[in-house]
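Good morning, and thank you for coming.

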Amino acid sequence: MAGSDALQSIVYARASLRLLDQRKLPLEVDYINVKDSSDGWNAIRDMVVRGAPAIALAAALALAVEVSDLDFTGTPAEAAAFISKKLEYLVSSRPTAVNLSDAATKLQTLVSKTAETAKDAKAIFQVYIEAAETMLVDDVADNKAIGSHGAKFIQRQLGNSKNISVLTHCNTGSLATAGYGTALGVIRALHSGGVLDKAFCTETRPFNQGSRLTAFELVHEKIPATLIADSAAAALMKQGRVQAVIVGADRIAANGDTANKIGTYNLAVSAKYHGVQFYVAAPVTSIDLALPSGEEIVIEERSPKELLNSEGGLGKQVAASGISVWNPAFDVTPANLITAIITEKACFSPFLRCFFEAINFVSNMLQRTLVDNALG
Ligand code: MRU
């Protein structure tokens, strides 16, 4: 079993990036060297690194390493265009998590603005590297804020209970982020606040992020925890053994609909039926205001091998030869099944948000009609 250093998925220093090969956890600790955006793209696509915030950081830093000692003879505008193209390529590695495209857009905007005044290409690369490094530092601080807001909010919502048991899905911890985690960060904060009775984690088939990664993190943190099969979740809720489900997010649409690891929707439906609170914990960078609803979220489909073979596709064949496979990596939970969304800035009910947005919309329409009328 891997040791404590195995909880750091991204090991970065200027001009050097190593990614923990999460496919081998928890039995083996192996880091791969990432020299450029092509190595970064492959590491993301092949699940060496996974989890919405971690893939965004891995992509940004892979390119930072590539440009750190690049022999580039072009103008500042050409350097900005070079970065922009590489970022577009990195975004194509996995489509569902918005954090990757959000980071790319911010970095593209920054370099193209800098190119307007920079005196050489080197200055563009320097600004890019520093911005990517800042993203790595900010992610941990944001996660800690999500953890402390979320723990206080959930405790209040559960009548200041000091005996809270929760269920989580997939892996949203240190391994999925730069450190601390989102949904798992809230669980950490509940535990350190002395109010967590137990955390249950699902296996998260077919790639087993729950049994391999979340279970590993929970054991490492000495948080009282129990692993369940995905199919045991409804029975667990029926027995009243959890008061809340806490999951992460890959993309949250403007109306609060949330894409997360396949099986999240099942948990939300079960939670609603059993009167269990259902929380989504994510940084604000996971919110995609450009998408009106979850209907528009592109869901990644992964290789049939993940189901046909054991170990999420890496082991022996277990399914009958010739069977066809549908393997969506994510599903969308509608906002009306979500009790609240917990971010580093605030916790809010997506339902209330819809309500406020509707009021805003109607009042804007009325105002526009009044102006139109006034202008004749
Ligand atoms: O396919 P994965 O392992 O990248 O999926 C990860 C998830 O669905 C996580 O819940 C999500 O990215 C949030 S991670 C803080």
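**A walk through selected residues**

Let us begin with N327, which is placed in the loop between α10 (305-308) and β12 (330-333). Please bear in mind throughout that this is a predicted model. Is N327 buried or exposed? Its relative accessibility is 5%, so N327 counts as buried, the limit for that word being under 20%. The side chain of N327 reaches the backbone oxygen of S303 at a distance of 3.0 Å. Apart from neighbours within four places in sequence, N327 is in contact with P206, E300, E301, R302, S303, E306 and L307.

Some of those names return in my next topic, the salt bridges. How many salt bridges are counted? The count comes to 13. A network of salt bridges links R45, R94, E300, R302 and E306. Of these residues, E300, R302 and E306 are also among the contacts of N327.

I now turn to individual pairs. D21 forms a salt bridge with R23, and the closest N and O atoms are 2.9 Å apart. D21 counts as buried because its relative accessibility is 2%, whereas R23 is partly exposed, with a relative accessible area of 28%.

The next pair is E66 and K86, joined by a salt bridge whose closest N and O atoms are 3.2 Å apart. This pair links distant parts of the chain: E66 belongs to helix α2 (residues 52-68) and K86 to helix α3 (residues 76-91), 20 residues apart. With a relative accessibility of 12%, E66 counts as buried; K86, at 24%, is partly exposed.

A further salt bridge joins the side chains of R188 and E221, at 2.9 Å from N to O. Here too, distant parts of the chain are linked: R188 is in helix α6 (residues 183-192), E221 is in the loop between α7 and β6 (225-228), and 33 residues separate them. R188 is buried, at 8% relative accessible area, while E221 is partly exposed, at 31%.

R212, in helix α7 (residues 209-220), is buried yet has no salt bridge. How far away is the nearest side chain of opposite charge? That side chain belongs to D21, and the distance is 7.5 Å. A salt bridge requires the nitrogen and oxygen to be within 4 Å. Setting aside neighbours within four places in sequence, R212 is in contact with Q22, R23, L25, P26 and F207.

W41 is partly exposed, because its relative accessible area is 21%. Not counting residues up to four places away in sequence, W41 touches Y89, L90, S92 and S93. With one of these, S92, the side chain of W41 makes a polar contact of 3.0 Å.

Finally, I come to the ligand. It is surrounded by 17 residues, the closest being R94, Q209, D250, N260 and K261. R94 is also a member of the salt-bridge network, and a polar atom of the R94 side chain lies 2.8 Å from an oxygen atom of the ligand. The side chain of R50 has an N or O atom 2.8 Å from a ligand oxygen. G51 contributes a backbone N or O atom, 2.9 Å from an oxygen atom of the ligand. How much of the ligand's accessible area does the protein cover? On its own the ligand has 410 Å² of accessible area, and the protein covers 99% of that area.

Definitions and conventions
Residues numbered from 1 in each chain as written. Predicted model: local features only at pLDDT ≥ 70, side-chain atom pairs only at ≥ 80, totals over all residues. Heavy atoms only, no water. Helix = DSSP H or I, 4+ residues; strand = E, 2+ residues; numbered from the N terminus. Buried < 20%, exposed > 50% of the residue type's maximum accessible area, 1.4 Å probe, protein only. Lys, Arg positive; Asp, Glu negative; His and termini not counted. Contact = heavy atoms within 4.5 Å. Polar contact = N/O pair within 3.5 Å; in protein donor to acceptor, adjacent residues only side chain to side chain. Near = heavy atom within 4 Å. Areas by Shrake-Rupley, 256 points an atom, 1.4 Å probe, with all protein chains shown as cover.
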